[in-house]
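Opening the notebook on this one.

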Amino acid sequence: MNQIKNINQKLEPFGGNSTGKYTADSTRYNNMIYRRCGRSGILLPAISLGLWHNFGSIDPFANFIQIAHKAFDSGITHFDLANNYGPAYGSAEENFGRILKHGLGAYRDELIISTKAGYDMWAGPYGNFGSRKYLMASLDQSLKRMGLDYVDIFYSHRPDPETPFEETMGALVDIVRQGKALYIGISNYNAGQTQQALEILKEHRVPCLIHQARYSMFDRWTEPELLPLLKEEGVGMIAFSPLAQGLLSDRYLHGIPENSRAARSISLTKNQITPEVLGKIGKLNQIASERGQTLAEMALAWLLRNDLVTSVLIGASSVPQLSDNLKALENAQFSMEELNKIESILN
Ligand SMILES: NC(=O)c1ccc[n+]([C@@H]2O[C@H](COP(=O)([O-])OP(=O)(O)OC[C@H]3O[C@@H](n4cnc5c(N)ncnc54)[C@H](OP(=O)(O)O)[C@@H]3O)[C@@H](O)[C@H]2O)c1
């Protein structure tokens, strides 16, 4: 009895009810916008939450469970993971499993949970890239860590130059047929590789639901070929690192905060914050404030004005950041003059 009381006490600050479990806000679907993912039956929230950073074993549980609850309470139904998100590898999935157990899991049928395999995960020749052996074993591990029977989307995280696409795509198809994933996604495939992958999937009559690619004001590689291809093929597109890991916000306008990604992580480094980049951020920030937005809000709105983008996949290290990002939906219209000004800064 005492033990149950203690657990409940621990849960209360994270949004518990009298049983200590999280209950979702009944107004959660009032303000989110949902967009159709390619030519599929799935609608995704315009803003999705990624767990690459801030949800690992080095991060405070009290903070990230609040971020997850705030997300779902705001209509974010899509949570994106990968086998090696952390650090440590696997710990973001384990932590997400804990969050599900603490109440979010009661809403499983309202959630789109994705995971991936393709980058370094475990030692030896079978813990990386795109073999059938790796993808199958990795998804089994991910399901165990999260305490799930299936994920909604399973991705090949990157193309493998040494494994035939037939093998990688064949593994994804079989994973769907086994019921361990409902849909297939690919990530970091360029336009030519995407075309090849889609052809193989079509032969198997298991379509690709979605492509996950880096896309922000600062990284527009997808625009010339990939986005038109996805449109033609009816595949959805989810844009990762839409804030260029925080550069497209006011985070670095006045120096490098101690707790920021640039100060803490290897995925964004201090030397990427050059005077040239800061100059662009400052000018973009000015346009955002003229629009009555923060730069983060404007950077997300700028992506969402394009209906080829199904969803923007953000990260957040705090509830206020997430709340700020959600406000992007309040003004996603741009005048031609604003677009031209932005274009001249980006070029
Ligand atoms: N498929 C792939 O290969 C791949 C690769 C990368 C990412 N992804 C996915 O995409 C997701 C998002 O990536 P990302 O975290 O790089 O996205 P992002 O949204 O570009 O960057 C998130 C970071 O920006 C800062 N930030 C967020 N909102 C802010 C705001 N309103 N004001 C000021 N700063 C703000 C925070 O940095 P601080 O930590 O400094 O506060 C936050 O951690 C990942 O979690 C993952 O699911 C996929």
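This is a predicted model: local features need pLDDT of at least 70, side-chain atom pairs count only at pLDDT 80 or more; totals for chains, interfaces and linings use all residues.

I started with Gln245: it has 23 C-beta neighbours inside 10 Å, so it counts as buried. My cut-offs: 20 or more other C-beta atoms within 10 Å of a residue's own is buried, 12 or fewer is exposed, in between is partly exposed, with C-beta atoms placed from the backbone. Gln245 also has a positive phi of about 65°, although it is not a glycine. It lies in the loop between β9 (236–240) and α8 (261–264). Helices here are DSSP runs of H or I with at least four residues, strands are runs of E with at least two, and both are numbered from the N terminus.

Residue numbers start from 1 along each chain as its sequence is written.

Next, Arg205: buried or exposed? It counts as exposed, because it has 7 C-beta neighbours inside 10 Å. Arg205 is not a glycine either, yet its phi is positive, about 60°. I found Arg205 in the loop between α6 (191–203) and β8 (208–214).

Then I checked omega. Gly86 to Pro87 is a cis peptide bond, with omega near -10°, and Pro87 to Ala88 is cis as well, with omega near -5°. Pro87 sits in the loop between β4 and α3 (91–101), and Ala88 lies in that loop between β4 and α3 too. I flagged these because most residues other than glycine have a negative phi, and most peptide bonds are trans.

On to the fold. I get 12 helices and 10 strands in the protein chain. The radius of gyration is 20 Å, close to the 20 Å from the globule rule for 347 residues, so the chain is as compact as a globular protein of that length. That radius is over C-alpha atoms, and the rule is 2.2 Å times the number of residues to the power 0.38. Buried residues come to 43% of the 347.

How are the strands arranged in the closed barrel? Eight of them run β3-β4-β5-β6-β7-β8-β9-β10 with parallel pairing; I call two strands paired if DSSP finds at least two bridges between them.

Three bridges pair β3 with β10 in the parallel sense, and Ile47 has Val312 of β10 as its bridge partner. On the β4 side (residues 78–80) there are two bridges, again parallel, with Gly50 opposite Asp80.

Last, the ligand. Which residues are closest? Gly50, Trp52, Gly246, Ser249 and Gly315 are, out of 30 surrounding it, where near means a C-beta atom, placed from the backbone, within 6 Å. The shell has 10 nonpolar, 16 polar and four charged residues. For those classes, Ala, Val, Leu, Ile, Met, Phe, Trp, Tyr, Cys and Pro are nonpolar, Asp, Glu, Lys and Arg charged, and the others, Gly among them, polar. β10 (311–314) and α11 (319–326) each supply at least two shell residues, and α11 gives the largest share, three.
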